[in-house]
Amino acid sequence: MRINDNFEKLPESYLFSEVARKLAAYKSEHLGADVIRMDIGDVTLPIAPCVIEAMHRAVNDMAGSDTFHGYGPEQGYLSLREAIAVVDYRKRGIDIDADDIFISDGAKCDLGNLGDIYSSDSIVALADPGYPVYVDTTVMSGRAGEMLPDGHWSNIVYLDCNAGNGFKPAVPETHADVIILCSPSNPTGAVMTREELENWVDYALREKALIIFDSAYEAFVRNPELPRSIYEIKDADKVAIEVRSFSKTAGFTGLRCGYTVVPKTLFGADSEGRQVSLHKLWNRRQSTKFNGASYIVQRGAEALYTPEGRESVARHIDYYLENARTIRGCMQQAGYTVFGGDDSPYVWVRGKNGETSWELFRIMLEKYNISSTPGVGFGSQGEGYIRLTGFNSRENTIRAMDRIK
Ligand SMILES: *Cc1c(COP(=O)(O)O)cnc(C)c1O
């Protein structure tokens with residue numbers, strides 16, 4: 001057999017392994033060094049008691065012949081889909097039905113799997129810097145073209161994000177078929193405004209393009225002026241799929257649960273120009289290749305929509321946001337140029353003297369014993385920046401920032 005050659009085109013993912021290697025090397029040369037992890041991309045608070053209790057009950061269900069659950073619906077249990085439709089959308093004035101929602105075992109899988117439903121020659125546009133999954137899955141599917149000498153891919157439309165545009169991707173001059181947007185952004189913490197999203201919806205309507213909107217961090221948006229869902233924008237239900245996750249909002253990184261919204265008003269064209277429902281395609285795709293998220297985990301996720309569950313989510317988000325604010329304020333006071341950290345757990349920091357990302361990483365590690373993530377690992381436009389996160393404990397965040405002061 002022959003392999004999918006696209007895998008050979010993919011460069012090794014050096015970023016996180018290189019950070020881990022440099023940290024280990026530093027610690028072995030400086031025994032007893034108290035390095036504080038500010039590069040954490042995972043949550044640290046444990047799961048809320050009401051979710052744990054709901055999952056315990058679900059485990060017991062599995063032991064009774066009358067309450068046992070075998071294969072569930074591929075789209076997820078209706079009670080969870082209804083809770084999502086009501087609490088996350090309709091109560092906020094957004095017209096999304098339980099039927100438009102597909103429960104998943106996490107956003108990362110869906111972000112990759114959505115490539116199954118659009119043409120293999122689609123032109124994909126994505127933000128630079130951005131979540132590496134977007135580029136890598138585009139390469140694996142053969143849509144990226146060839147890697148150019150500068151490290152960019154020939155068929156990808158890069159939406160450059162920089163200090164000038166507040167790290168928010170702007171509509172390009174050229175055509176794209178699929179645009180992947182992430183707001184609040186990982187890694188920059190930038191949050192797109194209503195007007196900025198309106199520009200994207202207009203572009204997608206004009207270009208007959210699809211927007212894939214990754215709002216894994218929507219719960220961190222506290223500014224009421226800023227949109228949490230792309231469906232807050234008029235006509236977005238005609239151009240956008242929204243991907244969400246319980247990972248960062250409720251600590252589900254290990255439990256695995258998320259959801260994807262594919263409105264029934266969303267259509268693409270086949271090669272004959274006929275309009276085809278994307279909801280129908282995604283439903284077919286999921287029914288064929290996915291057998292539903294775990295019953296136990298879905299019961300846990302449903303508990304997040306009780307008053308107790310919603311309060312626990314708010315408490316988790318408050319905690320991480322407070323950490324991010326501490327980092328942001330402290331780095332600013334120390335004279336760094338800082339982005340993000342409001343309405344986002346990520347703080348995006350530029351060196352004071354034009355250092356490269358890796359130089360800044362080294363300074364933070366050697367001078368302050370703080371680990372960070374070099375921004376250049378998220379794309380060429382991330383050069384000169386590092387990403388710090390609010391996911392460590394309050395105590396460690398304060399200790400780390402005291403070192404900077
Ligand atoms: C963490 C994260 C996700 C969520 O991934 P899961 O698979 O649901 O854990 C999605 N998008 C971005 C940008 C993320 O940072």
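Visitor: How far is the side chain of Lys-248, at an N or O atom, from an oxygen atom of the ligand?
Guide: Heads-up: this is a predicted model, where local features need pLDDT of at least 70, side-chain atom pairs count only at pLDDT 80 or more, and totals for chains, interfaces and linings use all residues. Numbering runs from 1 along each chain as its sequence is written, and side-chain values use heavy atoms, leaving out hydrogens and water. A polar contact is a pair of N or O atoms within 3.5 Å. For Lys-248 and the ligand oxygen, the distance is 3.2 Å.

Visitor: And what share of the ligand's area does the protein bury?
Guide: Accessible areas here come from the Shrake-Rupley method with a 1.4 Å probe. Taken alone, the ligand exposes 390 Å². Of that, the protein buries 94%.

Visitor: Which helices each supply at least two residues of the shell around the ligand?
Guide: The shell holds 14 residues, with Tyr-217, Ser-245, Ser-247, Lys-248 and Arg-256 the closest; near means a heavy atom within 4 Å. Helices are DSSP runs of H or I, at least four residues, and strands are runs of E, at least two. The ones you want are H5 (107-113) and H8 (247-250).

Visitor: Is Arg-256 buried, partly exposed or exposed?
Guide: Arg-256 sits in the loop between H8 and strand E8 (258-261), and has a positive phi of about 75° despite not being a glycine. Buried means under 20% relative accessible area, exposed over 50%, and partly exposed in between, with a 1.4 Å probe and protein chains only. Its relative accessibility is 29%, so Arg-256 counts as partly exposed.

Visitor: Which residue in E15 is the bridge partner of Val-349?
Guide: Two strands pair if DSSP finds at least two bridges between them. Strands E12 (346-350) and E15 (385-389) run antiparallel, joined by five bridges, in an open four-stranded sheet ordered E11-E12-E15-E14. In E15, Val-349 has as its partner Ile-386.

Key. A polar contact is a pair of N or O atoms within 3.5 Å; within protein, one must be able to donate a hydrogen and the other to accept it, and residues adjacent in sequence count only if both atoms are side-chain atoms.
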